[in-house]
Amino acid sequence: MSETSYPNHTGLEAGATLLRERDHDPAPASQAARRRLTRSVVFHVLVIAVAVVILYPGVWMVMSSFKPSGDIVGNVNLWPETWTLDNYASAFAGIGGVSFWTFVLNSLILAVGSVVGIVLSATVSAYAFARINFPGRGVYFAVMIGTMLLPFHVVIIPQYILFNSMGLVNTFLPLLAPKFLATEAFFVFLMVQFLRGLPRELDEAARIDGCGHWGIFRLVLLPLMRPAVITSSIFAFIWSWNDFLGPLLYLKRPDTYPLPIALRLYVDQTSVSDYGAQMAMAVLALVPVLLFFVVFQRYLVDGVATQGLKG
């Protein structure tokens, strides 16, 4: 019996040797590496192509700000044939007797005021919806979410009539007052979802230490809401900075115009539109938003993800 087992044992060893040789064959590994390299190259080419398509309008705007006005319209060339800084000189000089810095100051007042109002009102309202049990809480929250379905154009006329009857037209109050009244349901919803991810044991521990609702909100939950607060601040700043329709409705004097309205003044202000100055001012208006986003971008993903406690 032992004599018949040797050939079988020898055959098993030979099969194992063949398997080892096949596993160590560099051909399959090199083919897999080539496939991965091909996929990586195709992926990066597609990503670069999409980035070029997305970034081209912005790069064209920046380059057009250095072109003479006559070379902007009807010219899609990216690189200026003639470089000039006159457009930025015209932009800084202002328009209609109002300086460029007045437009910037008006935009900053509206943007910063919107951020402060939204953060204060949305955080308090979110705490009430997420942590306080009161009659009709579910109904009120559903109604608030339902307001997100209403287009802004539906409430334009009644809001304008209300603020006009109060004598607030041609002031910043119609644009800022609603921000302090938690009328932005999106931000309230964002913070409610964040608070629901925080354990209620934190509230109970603070209550044992003698904290009421204000103490729990200010000392315990508000520091943990920093990602959601910063995310809301980014969106509120950008939306307010770029708002065109609201200031167009309520502001009538040029010295109260923000930058989006001031940009429109460069078109058809005379027989020839100053597109060069408009491009220059658009670039200057983009800088604060870009800086604001770059400074706080690392908090953006954390605020949107809302994955509970952060270390």
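**Salt bridges in close-up**

**View 1. Asp255 and its partner Arg253.** Asp255 has a relative accessible area of 37% and is partly exposed, a class that lies between buried (under 20% relative accessible area) and exposed (over 50%), as computed with a 1.4 Å probe on protein chains only. The model is predicted, and local features require pLDDT of at least 70, side-chain atom pairs count only at pLDDT 80 or more, and totals for chains, interfaces and linings use all residues. Residues are numbered from 1 along each chain as its sequence is written, and side-chain values use heavy atoms, with hydrogens and water left out. Arg253 is likewise partly exposed, at 38% relative accessibility. The two residues form a salt bridge with their closest N and O atoms 3.0 Å apart; the term denotes a side-chain nitrogen of Lys or Arg within 4 Å of a carboxyl oxygen of Asp or Glu. By this rule the model contains 3 salt bridges.

**View 2. The salt bridge between Arg131 and Asp203.** The N to O distance between these side chains is 2.7 Å. Arg131 belongs to helix 4 (residues 100-131) and Asp203 to helix 9 (residues 201-208), so the pair ties together parts that are 72 residues apart in sequence. Helices are DSSP runs of H or I with at least four residues, numbered from the N terminus. Arg131 is buried at 6% relative accessibility, and Asp203 is buried at 3%.

**View 3. The salt bridge between Glu184 and Lys179.** The closest N and O atoms of this pair are 2.9 Å apart. Glu184 is partly exposed, with a relative accessible area of 24%, whereas Lys179 counts as buried at 18% relative accessibility.

Notes: Helix = DSSP H or I, 4+ residues; strand = E, 2+ residues; numbered from the N terminus.
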